[in-house]
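Here are my notes on this one, written for someone opening it for the first time. Keep the structure in view and go through the points in order.

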Amino acid sequence: DNVRVYGRFNPDDHGVSPHKMKNQAVPHTWTRYLGIDPGIQPASALFMAIPPPDEKDEDGEPWGNVAVVYDEVQIMDSDAEKFAFAVKQVAGDDHFHKFVIDDHGSRSREHSGVKISQQYHKQFKAHGLKSHTTGYGAQPGSDEVKSRISQVRNCLSSWADGLQLRY
């Protein structure tokens, strides 16, 4: 895509102060998502969590309608096995609601003739990475680049009424 999506990112507006996170870890009560870009240079995963509506931070303030990006994995010269292993190292025994994958990249096939999404499914199963709604597989993300970028930029706007991203 080669479009800078996060040009509006500002740590002062979008950052999460470490003292707001209890023990600097995402509580198990939060809903976790994993975004997957199955590229080779690099393959990437973005770990995101959404707090329950009544959850409060360390200051006793409600978190509000936010999604907190709490970790990432980037692997150069990756394959499905290396990627699943690295994701498992970060995820540990955490439970995920959903995995979402870049559908454009996941439909392609490598030398074996097997779709990348199928290779990831096999390796996620081998490493015990399972979500509640997508199992060992992942929901395809949108292929509409302009819409995708617009949604992320809206989440980064300080005036947005909807979901806001925090890193």
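1. Let's begin at a loop. Asp-77 sits in the loop between E3 and H2, and its backbone deserves a look: phi is positive there, about 50 degrees, even though Asp-77 is not a glycine. For background, most residues other than glycine have a negative phi. With a relative accessibility of 48%, Asp-77 counts as partly exposed, because exposed would take over 50%.

2. Now the overall picture. Please bear in mind that this is a predicted model. The chain has 5 helices and 6 strands, and their order along the sequence reads α-β-β-β-α-β-α-α-β-α-β. Of its 167 residues, 35% count as buried. Take the contacts in the chain with a separation of 6 or more: 67% of them are between residues 24 or more positions apart.

3. Next, a pair of helices to find on screen. Helix H2 covers residues 80-91 and helix H4 covers residues 116-126; they pack at an angle of about 45 degrees, and their axes are 9 Å apart. That makes H2 and H4 oblique to each other, since an angle counts as roughly parallel only when it is under 35 degrees and as roughly perpendicular from 65 to 115. The crossing of H2 past H4 is right-handed.

4. Which residues make the contact between these two helices? From H2 come Ala-80, Glu-81, Phe-83 and Ala-84, and H4 brings Gln-119, Tyr-120, Gln-123 and Phe-124. By type, the residues where H2 meets H4 split into 5 nonpolar, 2 polar and 1 charged.

5. The largest nonpolar core contains 20 residues, and the ones with the most contacts inside it are Leu-34, Ile-36, Phe-47, Phe-83, Tyr-120 and Phe-124. Two or more residues each are given to this core by strands E1 (31-37), E2 (43-50), E3 (66-75) and E4 (98-101), and by helices H2 and H4. H2 supplies the largest share, 6 residues. As a general matter, nonpolar side chains in soluble globular proteins tend to be buried together.

6. Setting aside neighbours within four places in sequence, Leu-34 is in contact with Ala-45, Leu-46, Phe-47, Val-87, Phe-96, Lys-98, Phe-99, Val-100 and Phe-124. There is also a second, separate core, made of 6 residues, and among them are Val-26, Ala-49, Trp-63 and Val-66.

7. Is Val-68 buried or exposed? It is buried, with a relative accessible area of 3%. Val-68 belongs to strand E3. Val-68 and Ile-50 are 18 residues apart in sequence, yet their C-alpha atoms are 6.3 Å apart in space.

8. At 19% relative accessibility, His-127 counts as buried, because the cut-off is under 20%. Leaving out neighbours within four places in sequence, the contacts of His-127 are with Glu-81, Ala-84, Phe-85 and Lys-88.

9. Last stop: the loop between E2 and E3. Asp-54 is found there, and with a relative accessible area of 62% it is exposed. Asp-54 and Gly-64 are 10 residues apart in sequence, and 8.4 Å separates them from C-alpha to C-alpha. Glu-61 lies in the loop between E2 and E3 as well, but Glu-61 counts as partly exposed, at 46% relative accessibility. Apart from neighbours within four places in sequence, Glu-61 is in contact with Glu-55 and Lys-56.

Definitions and conventions
Residues are numbered from 1 along each chain as its sequence is written. This is a predicted model: local features need pLDDT of at least 70, side-chain atom pairs count only at pLDDT 80 or more; totals for chains, interfaces and linings use all residues. Side-chain values use heavy atoms; hydrogens and water are left out. Axes are lines fitted to C-alpha atoms, for helices over the stretch in contact, and angles run from 0 to 180 degrees between N-to-C directions. Helices (H or I, at least four residues) and strands (E, at least two) are DSSP runs, numbered from the N terminus. Angles under 35 degrees count as roughly parallel, over 145 as roughly antiparallel, 65 to 115 as roughly perpendicular and the rest as oblique. A crossing is left-handed if the near helix is turned anticlockwise from the far one by less than a right angle, and right-handed if clockwise. Contact means heavy atoms within 4.5 Å. Ala, Val, Leu, Ile, Met, Phe, Trp, Tyr, Cys and Pro count as nonpolar, Asp, Glu, Lys and Arg as charged, and the others, Gly among them, as polar. A nonpolar core is a set of buried Ala, Val, Leu, Ile, Met, Phe, Trp, Tyr and Cys residues joined through side-chain atoms within 4.5 Å. Buried means under 20% relative accessible area, exposed over 50%, partly exposed in between (1.4 Å probe, protein chains only).
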